[in-house]
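Work through the exercises below with the sequence and model open. Try each task before reading its solution.

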Amino acid sequence: MIAVRFTRGAPGAEAACILPVAEGAAVPRALAAAAKAARFTGEAGEVLDLPGAPRRLLPGIGKDQAPLAFEKAGAAAALAAGELTEIALDARGLTPAEAAATAAGVALAAWRFDALRTAAPPKHPRRLTVHAPQPDAAEAAFAELAPGVAGCLMARDLIVEPANRLTTKTFAKRLEALEAEGLEVEIHGRGWLERHGFGALLAVGGASASPPRLAVLRWRGVLPVPPVALVGKGIVFDTGGVSIKGAEGMEEMRADMAGAAACVGAMVAIARRKSPAPVVAVLAIAENATGARSYRPGDVIRTASRRTVEVIDTDAEGRMVLADALHHATHRFRPRAVIDLATLTGAAITALGHHRAAIFGTDAALMAAAAAAGEAVGEPLWPMPIGDRHREDLVSDIADLKQCATGDEASSLLPDACHAAAFLREFVGEVPWAHLDIAGVMTAEEPHALGPAGPIGFGARLLDRLVALRFEEEP
């Protein structure tokens, strides 16, 4: 993460300077003529880039004075900064909370992944100096936001890793290293999964040279209550299996573990801010490869819950591994609530595009809290239904249920996101549950409101904020 320091006094001329401006507010007199000539109004998303010594970057805050507006302004300025490595923030007109939010936005947008470059990487912001009238207060406010930012950036780092580097084995090793954050880490390999009947996770990962893992991250907290359970789909690469995907765009399937990555980022954030709430993350990690041991359409798989599933499409592997992970989360930990995240269906993208993630669930209050958390951190959700007919479509002639719906209707017209949610609901019992289908928001082809093109880390800050909003007091 970009290095951030706080100091008192006015910025000097040695570094480019960010000066956030609210919509309709006056800009400094020395910059007024340039702002007028550029028709700069301070509208959200605007950035006025003025060369000189120092270079001035004026991002518009808009009319909304919520923290997210300042985060977006900071991010817009950082993205406009280009190859600058050091920038300053003139926060003399901001409250400590506003200064901290702007700095958080800069940190989110300054992220890059340069680990695999042999040549010198492109320059980008690496240091931020915040000039504030109350630097200690601003620094304290930033310290409250920094864990969520770090968690989001960790999720991005995991998502962007290519699958030949982030195998199921190396993913597990990275998780083991999180014990340094104060998390308890358990990794269960193929032998354990076989002994305990995790047939769905074993089927999906059976053809890979890198066997599946079930990972458990636990933060004990201090409240004497059951934990909140986060469940993540961790498919490190998805060929589609026997129902193989087309070649176009398959390289993006290294990001099919974005749900698990978001859970990891959230757990790191929760641990770093010493949340009082007990939280556990259960991650189903596998590679959906092709080979002699591939599971097939028409197979019947016995899951960890002992329910049997008729396989229709091996490219619908996410709901299979989540079935086992959800069962483990609910039956081992007896949680207060379960929230799962997965890059699950193209149908969610068809319905919502790349603007919002779909949320399904069984508990209106939990869903509302998740939606509020998402709005607060710029990771918006949209509620979707699980109707009786969606479950009826999964009735199997030979097993307890089908994995997917079948029929004469073109597959692109089937409500597969709803079918997938209906399938997952079978494995959570009576515990309050929400399911986030983040297929459309895992990556961005262009720079977005809080970062550059590439992985977004969607869900990491949302989950952390959800825990803070709803689960840090005794019920």
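**Exercise 1. Describe the span of residues 30-118.**
The end C-alpha atoms of residues 30-118 lie 44 Å apart. The span is 40% helix and 18% strand. Helices (H or I, at least four residues) and strands (E, at least two) are DSSP runs, numbered from the N terminus.

Before going on, note the ground rules. This is a predicted model: local features need pLDDT of at least 70, side-chain atom pairs count only at pLDDT 80 or more, and totals for chains, interfaces and linings use all residues. Residues are numbered from 1 along each chain as its sequence is written, and side-chain values use heavy atoms, with hydrogens and water left out.

**Exercise 2. Decide whether His 131 is buried or exposed.**
Step 1: locate His 131 in strand β7 (residues 127-131).
Step 2: apply the cut-offs. Buried means under 20% relative accessible area, exposed over 50%, partly exposed in between (1.4 Å probe, protein chains only).
Step 3: His 131 has 8% relative accessibility, so it counts as buried.

**Exercise 3. Find which side of helix α5 is buried.**
Step 1: in α5 (residues 168-176), the buried residues are Thr 168, Phe 171, Ala 172 and Leu 175.
Step 2: these four cover an arc of only 100 degrees around the axis, so they sit on the same side of α5. The arc is that of the directions from the helix axis to the C-beta atoms.
Step 3: recall that an α-helix has 3.6 residues a turn, so residues three or four places apart point the same way.

**Exercise 4. Name the residue opposite Val 231.**
Asp 340 in β14 stands opposite Val 231.

Methods: Two strands pair if DSSP finds at least two bridges between them.
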